[in-house]
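Hello,

Here is the structure for your files.

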Amino acid sequence: AKVWRLRTGACLRTLAATAPAAGSLAGGAPLALFGSGLRGLPCDQVTVSGLACADLDEAMHPAAEALARAAAGNGSALVCLTPSLLADAPLGSGGGGGPVGLGGVASVVSAAVRVLQPPATAGVDRSTFEYREDLTPVVTHVAPANASAGVSVTLTLAGRGFDAGGGGAAFVRFAGRACSLGDRPRSGESLECYLPRASPEPEAQSGGPAVVWMAAVGYGVANGSAASLDSRLEVTSLSPRAGSLAGGAVLTIAGAGFDPDPASADQEAYLEMADGQEVPCRILSAAAEELQCQVDAEAYALWTEYTAEWAEAEAAELEELVTGGSGGG
């Protein structure tokens, strides 16, 4: 291993070779720099193959930083995530669906590791890091491919490389939703994870490509559209838009992510009135993209009665205030 000693003012920096020696083409491998004078150095001041490293991704999982440090070596002075060589693809994406190792990226790439501080030695190669296809987890399918954002579901990811680098700790997410692995089945070709419902309300993006991160090798690649999850819960239209004041109207609600079981205890429909009151709409039939429900006549009648009484009381109170004010003058 090469050891570099750099004197900056009165500060002596000792930089040693990095670890691990290899990781995923998609980046995200915890890269440890051992030595002194490195603590506090921003990760974007460390480059691999001329690309800036990234800070540890705590958004992946609260324990990601601790696991990354453990994987890279707890004695390291600095731990950063390696950059992706898939320039046209964000982390966790296949960048057009081409097989990993093709499309201009070789199956094995040996890259120089450099530290940009101090500037006088920014061009010096400190060590090498090897990007390898066989250390890149690849997701090819997610099953089921469609799941409502309003319910929890167990997903199966199929592909290869889920045991790359010896396996170890791994996290899965879809957009901002973590999918827990727990003690569920896992092999080199498949893994299962549990995706809780997006509560209390789904994000604008609740699904998308599977993002896999493994502490031993880094990020995986979602290869093709089948490696994504369509997870929504939304209403796109309602008809009819008007009905009887006595209630009882049958409404058709179009959208996505509905439970196709009309008797499901996890799915209810309501009309939210202008004053914030909710009137139940009893579900008659259900499909993933359409619900039919009937407005509860009794509840609607109670709401209209309440609204009329409230309006009458408000009017009486206002009249009393106005009359009282005039009388006092």
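A residue counts as buried when its relative accessible area is under 20%. By that cut-off both Cys43 and Cys80 are buried. Please keep in mind that this is a predicted model.

Disulfides

- Cys43 and Cys80 have their sulfur atoms 2.1 Å apart. The torsion about the S-S bond is about -85°, so this disulfide is left-handed. Cys43 sits in the loop between strand 4 and strand 5, and Cys80 in strand 7, so the bond ties together parts 37 residues apart in sequence.
- Cys179 is joined to Cys193, and the link is right-handed, with 85° about the S-S bond. The two cysteines lie in strand 13 and strand 14.
- Cys281 is joined to Cys293. This link is also right-handed, at 90°, and it connects strand 22 with strand 23.

Cys53 is buried too, at 6% relative accessible area. Its sulfur is 5.4 Å from the closest cysteine sulfur, that of Cys80, which is too far for a bond.

Aromatic pairs

There are two aromatic pairs. The ring planes of Phe129 and Tyr131 are at 80°, so that pair is edge-to-face. Phe171 and Trp213 are stacked, 5.8 Å centre to centre; they lie in strand 12 and strand 15, so the pair ties together parts 42 residues apart in sequence.

Confidence

The mean pLDDT of the protein chain is 78. Over residues 1-13 the pLDDT is below 50, as it is over residues 88-100. Where pLDDT is low, the predicted coordinates should not be read in detail.

Regards

Terms used. Residues are numbered from 1 along each chain as its sequence is written. This is a predicted model: local features need pLDDT of at least 70, side-chain atom pairs count only at pLDDT 80 or more; totals for chains, interfaces and linings use all residues. Side-chain values use heavy atoms; hydrogens and water are left out. Rings of Phe, Tyr and Trp (its six-membered ring) pair if their centres lie within 6.5 Å; planes under 30 degrees apart count as stacked, over 60 as edge-to-face and the rest as tilted. Helices (H or I, at least four residues) and strands (E, at least two) are DSSP runs, numbered from the N terminus. pLDDT is the predictor's confidence in each residue, from 0 to 100. Contact means heavy atoms within 4.5 Å. A disulfide is a pair of cysteine sulfur atoms within 2.5 Å. Buried means under 20% relative accessible area, exposed over 50%, partly exposed in between (1.4 Å probe, protein chains only).
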